[in-house]
Amino acid sequence: MDCLIVDDDILARKVLKRFIEQTDFLTSSKECGSAIEANKYLMSNSTDLLFLDVEMPGMTGLELISILRDKPQIILVSSKKEYAVDAFDNDAIDYLVKPVTYARFLKACQKAYQLQEEQKLKPNGGKPKELQYIFLKVDASWLKLQLSDVLYVQALADYVCIFAKAGNDIKRYVIHSTMKAVEKKLIGENFVRVHRSYIVNIHNVSSFSSDTLFIANTQVPVGVTYKNTVAQLTGKM
């Protein structure tokens, strides 16, 4: 994977470049000292993996992401933990907090490499192969969760609760994220936003009425603005 490092801190760039050189499946072709410089470079060049600092003079890393037309895989890097939610809202695949260790760096890059390999698999019609699972950051580790096991998702203030089948039980995973970020991860026709606070797996709906869906003995409300969409989908169940 070809990498682009964007950071106004020279020492931080040197650390990332050394880590890239130590990793067999990575190559470093360019370094930029600002988001403005990176934007100019990406207007006529491409990269597979972007290591992007958040706080930089002139333009922040998050502002750069918002104007990129063709986004590569992005790993945000910052000395502050507070941007983590913004990172995943902007489709970053991981968020590294400085000082970055090689072990943590490698874990993020392996995730990027795995995603790149999965995107190479093209079924008939030329569309990327639909993923069968997602990775969720739960506490200090990453959990692999099969999408078919997900029952529904509920927004809870600054957190999101994902309810999923676990054998004969139902398990709740609480993650620090937004509904918008989680909705982007739930790829497939089965996942539908039915309320500003709920996303459901239509495949796991047991019954429904005009304003309620029943999933594993739980009543999920259907928002007024979502009723037409839900009616069309439940009619195909």
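## Exercises on a predicted model

At 0% relative accessibility, Phe 51 counts as buried. That is a friendly place to begin with this predicted model.

**Exercise 1.** Find the aromatic partner of Phe 51 and say how the two rings are arranged.

*Solution.* Start with the search of the whole structure, which finds seven aromatic pairs. One of them joins Phe 51 and Phe 105, with 5.3 Å centre to centre and 20° between the planes. Planes under 30 degrees apart count as stacked, and this pair is stacked. Finally, look around: Phe 19, Phe 51, Tyr 102 and Phe 105 make up one aromatic cluster.

**Exercise 2.** Work out where the buried residues of helix H2 (residues 35-42) lie on the helix.

*Solution.* First list them: Ala 35, Ala 38, Asn 39, Tyr 41 and Leu 42. Then look down the axis of H2: these buried residues fall within an arc of 160°, so they line one face of the helix. Last, see what the buried residues of H2 pack against: strand S1 (2-6), strand S2 (27-32) and helix H3 (61-67).

**Exercise 3.** Name the edge strands of the open five-stranded sheet.

*Solution.* Write the order, S10-S9-S8-S12-S11, with antiparallel pairing. Strands S10 (169-175) and S11 (191-195) stand at the edges, each with a single partner strand, so one side of each lacks a neighbour in the sheet. S11 pairs with strand S12 (residues 198-201) over four bridges.

Terms used. Residues numbered from 1 in each chain as written. Predicted model: local features only at pLDDT ≥ 70, side-chain atom pairs only at ≥ 80, totals over all residues. Heavy atoms only, no water. Buried < 20%, exposed > 50% of the residue type's maximum accessible area, 1.4 Å probe, protein only. Helix = DSSP H or I, 4+ residues; strand = E, 2+ residues; numbered from the N terminus. Arc of directions from axis to C-beta. Contact = heavy atoms within 4.5 Å. Phe/Tyr/Trp six-rings, centres within 6.5 Å; stacked < 30°, edge-to-face > 60°. Pairing = 2+ DSSP bridges.
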